[in-house]
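User: I am new to this structure and would like a close look at a single part of it, followed by a connected account of its surroundings.

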Amino acid sequence: MKIFNRARQRPSASWRQTTDRAFTLMGNGRFEDAGALLVRAADLEPWLSDSWFNLALLHKFRRDWEQARAAGLRAVALLDRNPGAPDWWNLGIAATALQDWALARRCWQAYGLRLAPGEGPVSLDYGTTPVRLSPEGESEVVWGRRLDPARVEVLSIPLPSSGRRWGEVVLHDGSPHGERVADGVPYPVFDEIELWAPSPVPTYVVLLQAETEADRDALERLVSEAGYAAEDWTSSVRLLCRDCSESRMPADDGHSEHHDPHDDGHLSHRSAGALWIPERECGVAAPAGVVRTLLDRWVAGNRSGRAYRDLEEVC
């Protein structure tokens, strides 16, 4: 973890030693012990913005948003400069978590972002971005729509192990971990901090018999037109080691020639060299009263080449 030093004068040796020890403890997950040391550092150098930035950072890791906001406000009050200061970004995340939109807007503008005048939630057209769900557990990188500097709406259908659903909004950190490259364009991967807004739409898994790719595509199109989502997990999911997941990786949907050596298991997008395997494991995000109706309509479009079985709600 990096300690930002932007003091008007050099902090004392005691402050530096205390802060270094605190960050070592934070890196080991010992947040309570680290918090006591950072409070001591703030007592030693209360005029130093870094003292309060570090405390705000600790509270962010602990998801204590009220304390993160309080410490963050003290940090920005002591800043020598505004544009680009990470203190403002960190405070903006806390404000967004608390839905303190006036403060969030102030933070993003002070950091240097341009916002249209208004009140309420910040709405910026940041396009799509990959986000890593459950980064401290069985992490999964999915694609989403970036609503503002700290929130992403999930557009992919996450695997049930992530505990997340299609359409949920997650709060994410500002420092990217890795990249995904799509059509030659690199996209930073942001780590989820916590769930910001849940989705009422459940996730189902179903085994399809799709004679051709066009049959599979027909289901995804049909569900999308109904306002929900279907995703062929057999093609879209790759299992990667942690180092590769946090590096620059091509975003492969299974239709390209790229083959990653870490692809493995029944969810791999390649299977024994076959160009197309009719049995597909598919995720469907739709209400309970709608999902079977959509599948039946899909089968009716080509009864000789389409079927499904083992429909199960998984998240």
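Where is the place of His 59?

Analyst: His 59 is placed in helix H3. The model is a predicted one, in which local features need pLDDT of at least 70 and side-chain atom pairs count only at pLDDT 80 or more, while totals for chains, interfaces and linings use all residues. Residues are numbered from 1 along each chain as its sequence is written, and side-chain values use heavy atoms, with hydrogens and water left out.

Helices (H or I, at least four residues) and strands (E, at least two) are DSSP runs numbered from the N terminus. On that basis the chain has 10 helices and 12 strands. Helix H3 covers residues 49-61, which makes 13 residues. The expected span of a helix is 1.5 Å times one less than its number of residues.

His 59 itself counts as buried because its relative accessibility is 10%; buried means under 20% relative accessible area, exposed over 50%, and partly exposed in between, with a 1.4 Å probe and protein chains only. Leaving aside residues up to four places away in sequence, His 59 touches Asp 64, Gln 67, Ala 68 and Ala 71, where contact means heavy atoms within 4.5 Å.

Since 12 of the 13 residues of H3 are buried, the helix is largely enclosed by the rest of the structure. The buried residues include Trp 52, Phe 53, Leu 55, Leu 57 and Leu 58, as well as Ser 49, Asp 50 and Lys 60. Their packing partners are helix H1 (13-27), helix H2 (31-44), helix H4 (65-77), helix H5 (86-97) and strand E7 (190-197).

Trp 52 also has a charged neighbour: the charged end of Arg 74 sits over its ring, 3.9 Å from the centre. A charge sits over a ring if NZ of Lys or CZ of Arg is within 6 Å of the ring centre and within 35 degrees of the ring normal. Elsewhere, Arg 280 lies over the face of Trp 276, at 3.9 Å from the ring centre.

After H3 comes Arg 63, in the loop between H3 and H4. Most residues other than glycine have a negative phi. Arg 63, although not a glycine, has a positive phi of about 60°. Arg 63 is partly exposed, with a relative accessible area of 30%. Ser 134 likewise is not a glycine and has a positive phi, of about 45°; Ser 134 is in the loop between strand E1 (128-133) and strand E2 (140-148).

Two of the helices that pack against H3, H4 and H5, also contribute to a nonpolar core, that is, a set of buried Ala, Val, Leu, Ile, Met, Phe, Trp, Tyr and Cys residues joined through side-chain atoms within 4.5 Å. The largest such core has 24 residues, and those touching the most other members are Trp 65, Trp 88, Leu 91, Ile 93, Trp 108 and Leu 171. H4, H5 and helix H6 (101-111) each give two or more residues to this core, with the largest share, 7 residues, coming from H5. A second, separate core has 19 residues, among them Leu 219 and Val 291.

Trp 108 touches, among others, Trp 89, Ile 93 and Pro 149. Over the whole chain of 315 residues, 49% count as buried.
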